[in-house]
Amino acid sequence: MRVYAIADLHLAFCTPKPMTVFGPQWAGHPQAIFDEWRAAVRDEDLVLLPGDLSWAMRLPEAIQDLAPVAALPGTKVLLRGNHDYWWPTASKLRAALPDGMLAVVNDAVRVGNVVVCGSRGWITPGFEPLGGDDQRLLDREAERLSLSVQAARSIRQPGDHLILMLHYPPATPPYPANPITRVIDDARPDLIVYGHLHGVAPERAMRHVNGVPAHLVAADGLKFRPRLLLDTHT
């Protein structure tokens, strides 16, 4: 099994929202994602989708956006992004998701010998400190991430790979420690994936958290091709 990731699909089949306002590279981006996905991913692979999946405001419309993704090769693991306003409770989401789609919601999932945990994350302090409301939201996301890490520990078996997903990057330049990075330090996953940052080449983004490899997988930075993270057979 190979593990891929791609974030920020920003699909809008039911609620049209032209992404070209963010640059000409977004023209026809859903088809570009689907074509690149089919060229890379096999049925036995795992694809991580860390947030901003659909512009829909309600679950039924979001499911219509997700249906063509569900039909693509591989098992998919979803995480909420800051624009996924349609995201309901875990029970409602899991009851509605198409076959082959899983979600991480304050917990963790195991696919083959890979365990996936994570949370949306939030804005983190950098050169400037956070305001009170942002600090509160960051602390809440760190608590959710901690719950997910605990769940991962309960299902992880010897030899399993642990991947930690975020939507927001784990830290902000100049990358001081924050509640999210402290959870990561405790979890010590094999790798981290995150999205949210557009117009940033992956090689120019944050690439590790205290020695743990970190991968920016926002779709435009990947030229809409899912990024290979891991081959569990090697």
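**Exercise 1. Decide how helices α4 and α5 are oriented to each other in this predicted model.**

Solution. The helices come out roughly parallel to each other.
- Two packed helices are described by the angle between their axes and the distance between the axes.
- Here α4 covers residues 132–155 and α5 covers residues 179–187; their packing angle is about 15 degrees, and the axes lie 8 Å apart.
- Angles under 35 degrees count as roughly parallel, so α4 and α5 belong in that class.
- As for handedness, the crossing of α4 past α5 is right-handed.
- On the α4 side, the contact includes Q135, L138, D139 and E141, while α5 brings P179, I180, V183, D186 and A187.
- Sorted by kind, the contact residues are 8 nonpolar, 2 polar and 4 charged.

**Exercise 2. Check whether the length of α4 agrees with its residue count.**

Solution. Start with the 24 residues of α4: at 1.5 Å a residue, they should span 34 Å. Next, take the end C-alpha atoms, which are 35 Å apart. The two values therefore agree.

**Exercise 3. Find what the buried residues of α4 pack against.**

Solution. First list the buried residues: L137, L138, E141, A142, L145, S148, V149, A151 and A152. Then look at their partners, which are the strands β5 (108–111), β6 (114–119) and β7 (161–166), together with helix α5.

**Exercise 4. Is P174 buried, partly exposed or exposed?**

Solution. Locate P174 in the loop between β7 and α5. Its relative accessible area is 49%. Exposed would need over 50%, so P174 is partly exposed. Leaving aside residues up to four places away in sequence, P174 touches G126 and F127.

Key: Residues numbered from 1 in each chain as written. Predicted model: local features only at pLDDT ≥ 70, side-chain atom pairs only at ≥ 80, totals over all residues. Heavy atoms only, no water. Axes fitted to C-alpha atoms, helices over the stretch in contact; angles between N-to-C directions. Helix = DSSP H or I, 4+ residues; strand = E, 2+ residues; numbered from the N terminus. Parallel < 35°, antiparallel > 145°, perpendicular 65-115°, else oblique. Left-handed = near helix turned anticlockwise from the far one by under 90°. Contact = heavy atoms within 4.5 Å. Nonpolar A, V, L, I, M, F, W, Y, C, P; charged D, E, K, R; others polar. Expected span 1.5 Å × (residues − 1). Buried < 20%, exposed > 50% of the residue type's maximum accessible area, 1.4 Å probe, protein only.
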